[in-house]
Amino acid sequence: MFVSIKIRYFASLKELLGRSDDTLEFDQEMSVTEVWGGVSKIPMPDNTLVAVNMEYVALDHQLVDGDEVAFFPPVTGG
Amino acid sequence: MIKIVASAFDPYAEIQAYQKANQALSGKFGATSIFIGTMRDFNEGDQVKGMSLEHYPGMTEKQLGLVVNEAEQRWKLLESLVIHRVGDVFPDDDLVLVAIWSAHRGDAFDASRYIMEALKSKVPFWKKEILADDQSRWLAKNTDGYL
């Protein structure tokens with residue numbers, strides 16, 4: 001099993017991590033929480049929202065090859 | 001129709017042009033509700049001289065589409081036009097337009113309110129304010145418009 005995913009960060013999380021994206025490759029199923037742990041030593045802020053392929057998901061969502069996962073703070077549009 | 005725009009827009013001209021282009025509306029609509037959100041020069045007790053509006057291209061359109069679809073399921077709507085600004089904005093710039101055409105006022109009023117509140121909690125836009133002393137800060141969260 002080989003899984004490659006794209007990771008994107010927006011707004012204050014982009015500034016916190018100092019980059020806008022990452023690519024992660026792994027050889028077993030991984031959840032959203034595990035992905036964060038794989039790319040950052042900083043704990044995920046409590047109010048972080050997560051989307052996979054542009055749809056909101058829970059932190060235990062399992063990722064599959066080719067997914068785009070995004071981490072961002074609460075939205076403030078309008 | 002949903003539009004994300006990176007430069008200033010005139011909501012009144014957009015409404016007129018959209019209505020004119022949709023001939024199917026002719027004779028059928030009895031109500032048009034219009035909500036326009038505009039940038040203030042103050043927030044949380046501070047002077048604000050500008051803002052940077054970031055978004056997640058692709059997800060923004062997808063989530064806005066879902067919100068408008070939900071409104072269309074709940075109320076009888078004839079047409080809707082939602083425009084949201086991104087990029088660098090300044091006080092008095094219009095940031096968002098929600099215009100709804102329906103046969104009767106209840107549907108137009110209620111759908112407009114629903115779309116605005118859902119947009120503010122679900123659609124991935126983020127505001128960073130630039131204060132009078134050039135310090136900047138991210139808005140932490142949107143307030144609930146019903147409180």
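In what order do the strands of the open four-strand sheet of chain B stand? The order is β1-β5-β7-β2, with mixed pairing. Strands pair here if DSSP finds at least two bridges between them. Strands (E, at least two residues) and helices (H or I, at least four) are DSSP runs, numbered from the N terminus. β1 (2–5) and β2 (31–38) of chain B stand at the edges with a single partner strand each, so one side of each has no neighbour in the sheet. From one strand to the next, the twist averages 10°.

The model is predicted: local features need pLDDT of at least 70, side-chain atom pairs count only at pLDDT 80 or more, and totals for chains, interfaces and linings use all residues. Residues are numbered from 1 along each chain as its sequence is written, while chains are lettered from A and ligands numbered from 1 in the order in which they are written.

β1(B) pairs with β5 (residues 79–85) of chain B in the parallel sense, over four bridges. B:Ile4 stands opposite B:His84 in β5(B). Helix α2 (residues 59–74) of chain B lies across β1 and β5 of chain B, at about 145° to β1(B). Helix α3 (residues 105–122) of chain B also packs on the sheet, touching β2, β5 and β7 of chain B. Its direction makes about 150° with that of β7(B). Axes are lines fitted to C-alpha atoms, for helices over the stretch in contact (C-beta atoms, placed from the backbone, within 7 Å). Angles run from 0 to 180 degrees between N-to-C directions.

Notes:
Two residues are in contact if their C-beta atoms, placed from the backbone, lie within 7 Å.
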